[in-house]
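Here are my notes on the structure you sent. They are meant for someone who has not looked at it before.

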Amino acid sequence: TVVLAACLTVNVYFYPSEEVDQTAQQIIEDIRGTITPENDLEKTPTGEGAGSHWWRLTGVAHAAGKETTVSSPAIDAIKKRISQRFDKLKPYFKAGAIGEANNGLVSIRDASVLPMKDRATLNRIVNEENSDRKVLYELVAKELGVEAKDLPKVRQSFAEKWQKFAKPGWWVQDAAGNWSKR
């Protein structure tokens with residue numbers, strides 16, 4: 001008589017979309033502040049008190065009331081660099097030279113709106129920004145236990161949030177690759 005015994009381990013992995021979305025929201029809020037009526041076109045204040053300061057100070061609610069706290073010294077350092085660089089990027093966003101791409105990166109859309117002397121600076125700043133964003137997405141994915149195959153989903157979640165935080169008049173890219181002003 002032959003007896004065979006086997007042990008089978010099944011690892012089930014589910015992409016943590018809610019946690020990734022919450023984390024992206026929180027990180028971008030940390031970098032750019034909370035959404036206000038001036039940069040959130042999806043919200044339209046109506047009714048009594050719509051123009052009051054309470055509207056500006058109201059933050060974005062985290063899904064299911066949970067706050068995600070993904071942090072590490074490396075993530076904090078990247079957030080600080082991105083935050084400090086934001087003031088340098090603002091004039092280029094405003095001029096329409098750059099926009100928030102559909103892949104979570106800043107894209108140079110139209111450098112011709114800038115004088116030739118400013119284009120090398122723009123390229124350098126955008127490259128630094130995108131380099132930091134790529135590392136940030138990888139670190140967030142690692143902290144949340146996201147598998148490497150799902151890194152594009154992490155980037156997509158961040159792309160949606162960056163675009164949501166874009167000011168009116170700034171350029172954003174849709175899923176098909178078309179650009180429009182927010």
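1. Overall layout. This is a predicted model. The chain holds five helices and four strands. Read from the N terminus, the elements follow the order α-α-α-β-β-α-α-β-β. Of the 182 residues in the chain, 38% are buried. Among contacts with a separation of 6 or more, 67% are between residues 24 or more positions apart.

2. The sheet. In what order do the four strands of the open sheet lie? The order is E2-E1-E3-E4, with mixed pairing. E2 and E4 (179-181) are the edge strands; each has a single partner strand, so one side of each lacks a neighbour in the sheet. From one strand to the next, the twist averages 40°.

3. The pair E1 and E2. In general, strands of a sheet pair through backbone hydrogen bonds, in a parallel or an antiparallel way. Here E1 and E2 are antiparallel, with three bridges between them. Opposite Glu-100 stands Val-106, which belongs to E2. Helix H3 packs on the sheet and touches both E1 and E2. The direction of H3 makes about 100° with that of E1.

4. H1 against H3. Two packed helices are described by the angle and the distance between their axes. The axes of H1 and H3 come within 9 Å, crossing at roughly 65°. Angles of 65 to 115 degrees count as roughly perpendicular, and H1 and H3 are therefore roughly perpendicular to each other. Their crossing is right-handed. On the H1 side, the residues that meet H3 are Ile-27, Asp-30, Ile-31 and Arg-32. Their counterparts in H3 are Lys-79, Ile-82, Ser-83, Phe-86 and Phe-93.

5. H3 against H4. The axes of H3 and H4 come within 10 Å and cross at roughly 150°. That angle makes H3 roughly antiparallel to H4. The crossing of H3 and H4 is left-handed.

6. Helix H4 itself. H4 covers residues 116-143, 28 residues in total. From its first C-alpha to its last, H4 reaches 41 Å, close to the 40 Å expected at 1.5 Å a residue. Its buried residues include Leu-122, Ile-125, Val-126, Leu-136 and Val-140, and also Glu-129, Asp-132 and Arg-133. What covers the buried residues of H4? The cover includes the helices H1 (17-32), H3 (73-95) and H5 (151-164), together with the strands E1 (98-100) and E2 (106-108). Just after H4, Gly-145 has a positive phi of about 70°.

7. Asp-132. This residue lies in helix H4. Is Asp-132 buried or exposed? Asp-132 counts as buried because its relative accessibility is 8%, and the cut-off for buried is under 20%. Leaving aside residues up to four places away in sequence, Asp-132 touches Ile-78, Arg-81, Ile-82 and Arg-85. One of these, Ile-82, is also among the H3 residues that meet H1.

8. Ala-148. The loop between H4 and H5 contains Ala-148. Ala-148 counts as exposed because its relative accessibility is 72%, and the cut-off for exposed is over 50%. Ala-148 and Glu-138 are 10 residues apart along the chain, and their C-alpha atoms are separated by 8.5 Å.

Definitions and conventions. Residues are numbered from 1 along each chain as its sequence is written. This is a predicted model: local features need pLDDT of at least 70, side-chain atom pairs count only at pLDDT 80 or more; totals for chains, interfaces and linings use all residues. Side-chain values use heavy atoms; hydrogens and water are left out. Helices (H or I, at least four residues) and strands (E, at least two) are DSSP runs, numbered from the N terminus. The expected span of a helix is 1.5 Å times one less than its number of residues. Buried means under 20% relative accessible area, exposed over 50%, partly exposed in between (1.4 Å probe, protein chains only). Contact means heavy atoms within 4.5 Å. Two strands pair if DSSP finds at least two bridges between them. Axes are lines fitted to C-alpha atoms, for helices over the stretch in contact, and angles run from 0 to 180 degrees between N-to-C directions. Angles under 35 degrees count as roughly parallel, over 145 as roughly antiparallel, 65 to 115 as roughly perpendicular and the rest as oblique. A crossing is left-handed if the near helix is turned anticlockwise from the far one by less than a right angle, and right-handed if clockwise.
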